[in-house]
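Reader: Hi, can you walk me through this one? I'd like to start with the helices.

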Amino acid sequence: MSDRVTLTLRAPLDESIEADSIVPGAFASLGDAEIGALPVWAGRARRVLADYFDVRGGRSATVRIVGDVRRAHGIGTGMAAGDLVVDGDAGARLAAGMSGGRADVLGSTGDEAGMAMSGGSLRIRRDAGDRVGAGLAGASRGMTGGEIVIGGSVGAHAGARMRRGLLFVGGDAGELAARAIIAGTVIVIGRVGPVPAFANKRGSLVVAGGVEVPATYRHACDYEPPHVRLALTYLARRYELSLGAGLVEGRYRRYCGDAGTVGRGEILEWIRE
Amino acid sequence: MYVNGVFIDDTFAEAFPMRAARIVVTAVNARWAREAALKLTGFATSVIACKCEAAIERELEPRETPDARPGMSVLLFAMDTEGLGKRLVERIGQTVLTCPTTSCFDGLPEAEKRLTPGRSLRIFGDGFQGSKVVGRDRFWRVPVMDGECLLQESFGVAKGIGGGNFIILGADARSTLAAAEASVAAIASIEGVILPFPGGIARSGSKVGSRRYKSLAASTNDAYCPTLRPLTASSLPDDVDSVLEIVLDGLDEASIRRAMRAGIVAACLPGIRAITAGNYGGKLGPHHFPLRSILDGHADARALA
């Protein structure tokens, strides 16, 4: 048993691999040789982790990945416990289906990070691709719990069909952010792209950097929403984020919608004063 | 035993189990947090007639509250969990929900046993309410005329202790009140303890039942009333003409012990003749606080000799 398992990439990846066997909870009961023998798929070829990584340590749910793994997809899939740190960029579907534990990517991720997440904490220090926190293809729900905190910007469809949970974006969000969210909260400190919170049922899209509010939303009032203050205070304390007092204490313009659905959702646009 | 020349009676305070909640009220500023907390803790001196005992525990800085606003921490005690749940719904609903700018949070997040007053109060929103989960907790957004009232759904229940006490016997009313005030000031900084009576001080100490009126649950403690000295079996020394009581409720024995120690030492001022405590011979409750043991280390040298 060791303090942590460290996977160090031997050489830059010249092909994409499916590395969904890298799951901290599963490593807790495996020695280094067993971890090294876990399967990895490169196209149709079945390989093992030891083909790509030096494995140090074993029998620990604390995992650190060293090296540029932006072509390694599915890392942390279904993780339910433990700690995962990626010491750089990571590929697509990072922490998809996550239900517990903590994942921290010091760089950026590909598409579908935190997809279908139901619990735990996923932090991405830089940018994320499309469909972060969204649902599996064809699924009626996106993330149903947990927290995703992204320091940079995200692509399209962020938080799509979210049922519950908190998605924070420190930069901008692409088109169709918070699409068809059922409930839950998406906070974007930068700008959001076209058609935000389309088909929103009861969710909240909070935007600080500018939003073009669709015609299917109606202005309700300008006020200080206590839940936004609570959520921002919580995020600032837990993730040591530097959020200006103006954002936390400020007033927001509340729009109710989307009128195309039950219309119980909202877009909250920060009022710069 | 003497402390600063004040005789400490060789007796104990007797206290009983209660159930407790800690409520954190925040508002746009300290004034409105206090307004809500004062109403929340109003008419809550004794379970005998108020169904609960409550008081402000302390003022909270913005860095201590969940939403980074000024706040007040309140402790509320009832005889059982069911009663505590009812009081929380009544009091939060009528005093915090109604007060401008306030939000209401649980102050016992580690407690396993939970009550859900927020879930009960959410229906004031008449279907327009909504909820948010932040961290591990659910919060209800109840629409009100100044915006929204944010209420945490669940509140922790602690096994608290009610009825800790000590009694200050003074030469006259002025010096006795000054000593009681000094006690209250000394206890104010101790966490986990409240003094539910007005200004933290009770003048109408009671005994169980009544010698004349059978329907009364409690009546005046005639043994400590100076005006009745020749008319009853008085417990008062000849040089005592005024008596005040400090009643304490706390989250645990250690908090009450700390508070009694600080309060009694602070009360040992000129004009005070003795400190004693109320008990029922050990029949009322399992929590006993012997005064001399609590004050161990504070006794005057001459008394130890």
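Predicted model: local features only at pLDDT ≥ 70, side-chain atom pairs only at ≥ 80, totals over all residues.

Reader: At what angle do the axes of helix 5 and helix 6 of chain B cross?

Author: Roughly 145°. The axes come within 7 Å. Helix 5 of chain B covers residues 173-187, and helix 6 of chain B covers residues 253-267.

Reader: Why those two values?

Author: Two packed helices are described by the angle between their axes and the distance between the axes.

Reader: OK. Which residues make the contact?

Author: From helix 5 of chain B, they include B:Ala179, B:Ser183 and B:Ile187. From helix 6 of chain B, they include B:Ala262, B:Gly263 and B:Ala266. By class, the contact has 10 nonpolar, 2 polar and no charged residues.

Reader: Now the whole chain. How is chain B divided?

Author: Into domain 1 (2-14 + 161-304) and domain 2 (18-158). Their C-alpha centres lie 31 Å apart. The contact takes 11 residues from domain 1 of chain B and 13 residues from domain 2 of chain B.

Reader: What classes are on the domain 1 side?

Author: The side of domain 1 of chain B that touches domain 2 of chain B has 8 nonpolar, 1 polar and 2 charged residues.

Reader: And how many residues of chain B are in contact with chain A?

Author: 14 residues of chain B, in contact with 15 residues of chain A. Strand 8 (130-134), strand 9 (137-144) and strand 10 (147-152) of chain B each supply at least two residues of that side. Strand 8 of chain B gives the most, with 4 residues. By class, the side of chain B that touches chain A has 6 nonpolar, 4 polar and 4 charged residues.

Reader: Which residues sit on which side?

Author: A:Gly265, A:Ile267 and A:Glu269 are on one side. A:Glu266, A:Leu268 and A:Trp270 are on the other. In a regular strand the side chains alternate between the two faces of the sheet.

Reader: Which strands pair with strand 17 of chain A?

Author: Strand 14 (residues 204-207) of chain A pairs with it in the parallel sense over 4 bridges. There, A:Leu205 has A:Ile267 as its bridge partner. Strand 16 (residues 252-257) of chain A pairs with strand 17 of chain A in the antiparallel sense over 6 bridges. A:Tyr252 stands opposite A:Trp270.

Reader: What else does strand 16 of chain A pair with?

Author: Strand 15 (residues 218-223) of chain A, antiparallel, over 5 bridges. A:Tyr252 turns up again here, as the bridge partner of A:Tyr223.

Reader: Why does A:Arg161 count as buried?

Author: Because A:Arg161 has 26 C-beta neighbours inside 10 Å, and the cut-off for buried is 20 or more. A:Arg93 is buried, with 26 other C-beta atoms within 10 Å.

Terms used. Residues numbered from 1 in each chain as written. Chains lettered and ligands numbered in written order. Axes fitted to C-alpha atoms, helices over the stretch in contact; angles between N-to-C directions. Contact = placed C-beta atoms within 7 Å. Nonpolar A, V, L, I, M, F, W, Y, C, P; charged D, E, K, R; others polar. Domains from an automatic or database assignment. Buried ≥ 20, exposed ≤ 12 C-beta atoms within 10 Å, placed from the backbone. Pairing = 2+ DSSP bridges.
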